[in-house]
Amino acid sequence: MNIKNKWTIHVGASALTIKTLDPIHNTALRLSIGAFKSSPVLSIINITGSKSLEKRRIKHTLEYSSKTLIATKNPISTILRNSINQFQNNDINNLGTRTATYASDLNISFTNQLNPQASEQPPWIT
């Protein structure tokens, strides 16, 4: 019996699965404010003061990647750094590719953060 084929661990979710959450989120927002079914999604998001799930995903991806890249002792840091540095517009949907795509869309450069330098001087002196 081959145990490898019997047990498969799926990490993460596909983009299609994640995108199915957007209409559910939008419906919940619409119901919470009592808006009509024909109300535009952008208006509903604006009225509730919420962010779209796509913007939240981008924000959390960039925040997580930034924190991971700074933590140089984290083993994921090296993998993520290599993935971002070798980024090419390919179809692989991994964290490094998403991070590099979002960062390039927003003109954010991670190159300065890839090799953090600790200051010898305490921050309150500067």
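Is G96 buried or exposed, and at what relative accessibility?

Author: G96 counts as buried, at 3% relative accessibility. Buried means under 20% relative accessible area, exposed over 50%, and partly exposed in between, with a 1.4 Å probe and protein chains only.

A word on the ground rules. The model is predicted, with local features needing pLDDT of at least 70 and side-chain atom pairs pLDDT 80 or more, while totals for chains, interfaces and linings use all residues. Residues are numbered from 1 along each chain as its sequence is written, and side-chain values use heavy atoms, without hydrogens and water.

Back to G96. It lies in helix α7; helices are DSSP runs of H or I with at least four residues, strands are runs of E with at least two, and both are numbered from the N terminus. Not counting residues up to four places away in sequence, G96 touches L80, S83 and I84. Touching, or contact, means heavy atoms within 4.5 Å. The C-alpha atom of G96 is 7.5 Å from that of R81, 15 residues apart along the chain.

Now α7 as a whole. Helix α7 (residues 95-105) packs against helix α5 (residues 53-70) at about 110 degrees, with the axes 10 Å apart. Axes are lines fitted to C-alpha atoms, for helices over the stretch in contact, and angles run from 0 to 180 degrees between N-to-C directions. That angle makes α5 roughly perpendicular to α7; the range for this is 65 to 115 degrees, with under 35 roughly parallel, over 145 roughly antiparallel and the rest oblique. From α5, the contact uses E54, I58, T61, L62, Y64 and S65; from α7, it uses L95, R98, T99, Y102 and A103.

Helix α5 also meets helix α6 (residues 75-85). Their axes come within 8 Å and cross at roughly 115 degrees. Y64, S65, T68 and L69 of α5 contact I76, S77, L80, R81 and I84 of α6.

S77 is buried, with a relative accessible area of 0%. Leaving aside neighbours within four places in sequence, S77 is in contact with T68, L69, A71 and T72.

Last, confidence. The chain averages a pLDDT of 78, and 74% of the residues score at least 70; pLDDT is the predictor's confidence in each residue, from 0 to 100. Over residues 1-11 the pLDDT is below 50. Where pLDDT is low, predicted coordinates should not be read in detail.
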